[in-house]
Amino acid sequence: MGAWRGTRRGRRTVAVAGLVVLAGGAAVACQPGGLGSATVAYTTDQTATAALEHRHVNVNWLTCTGSYRDDGGRGGTPAPTATVVSVDCQGETDDRRKIVVTGLVTKAVDGACVRGDLKATVDGRQVFHVSGLGDCSAGPGPTYRPPTPGQPKPTVTVTVTRTVWPVPGK
């Protein structure tokens, strides 16, 4: 029974440490003057998908990740003054061709635009190499707009995940 408590305490410690890291990353991502890697990843996903579709590439799925870089170009830990986020996107077209979007982002407006140096290839063929995607003069998006009278209200789907821990002695 003592071993079980140690394992359970260890799991709690790992969970708490993960939350601290997550909260620290979120705080850095929200600091003014810096770029948030999650914002850059999300916005690049949105704007790259639109740019590819505009170029008649039927995107089945695209997933982007962002990581902080300092001005020296070295990968690094989040810094409140981070000015460059490296972005890497992987995806697939409707006809199962590989999509890769990579680059360095120096500016992002949530959901509306990214600026920097971005390249996209589909099955190794370059589709675009641009200094930005989207409209940076637009406000951040997406935004909530209340339904107009007579229109159906938006629905919310909630998924509840329950973790069941083993019961000691069973």
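**Two disulfides in a predicted model**

With 95° about the S-S bond, the link between Cys113 and Cys136 is right-handed, and I would like to begin there, keeping in mind that what we are looking at is a predicted model. For those new to the term, a disulfide is a covalent bond between the sulfur atoms of two cysteines. Cys113 lies in strand 4, residues 113-122, while Cys136 lies in the segment after strand 5, residues 125-134, so the bond ties together parts that are 23 residues apart in sequence.

Are these two cysteines buried or exposed? Cys113 has a relative accessibility of 0% and therefore counts as buried, and Cys136, with a relative accessible area of 16%, is buried as well, because the cut-off for buried is under 20%.

Let me turn now to the other pair, Cys64 and Cys89, which form a disulfide with their sulfur atoms 2.0 Å apart. The link of Cys64 and Cys89 is right-handed, with 110° about the S-S bond. Here Cys64 sits in strand 1, residues 59-69, and Cys89 in strand 2, residues 84-93, so this bond joins parts that are 25 residues apart in sequence. Both Cys64 and Cys89 are buried.

How many disulfides does that make by this rule? The count comes to 2, and, if we number the bonded cysteines along the protein chain, the disulfides follow the pattern 1-2, 3-4.

Methods
Residues are numbered from 1 along each chain as its sequence is written. This is a predicted model: local features need pLDDT of at least 70, side-chain atom pairs count only at pLDDT 80 or more; totals for chains, interfaces and linings use all residues. Side-chain values use heavy atoms; hydrogens and water are left out. A disulfide is a pair of cysteine sulfur atoms within 2.5 Å. Helices (H or I, at least four residues) and strands (E, at least two) are DSSP runs, numbered from the N terminus. Buried means under 20% relative accessible area, exposed over 50%, partly exposed in between (1.4 Å probe, protein chains only).
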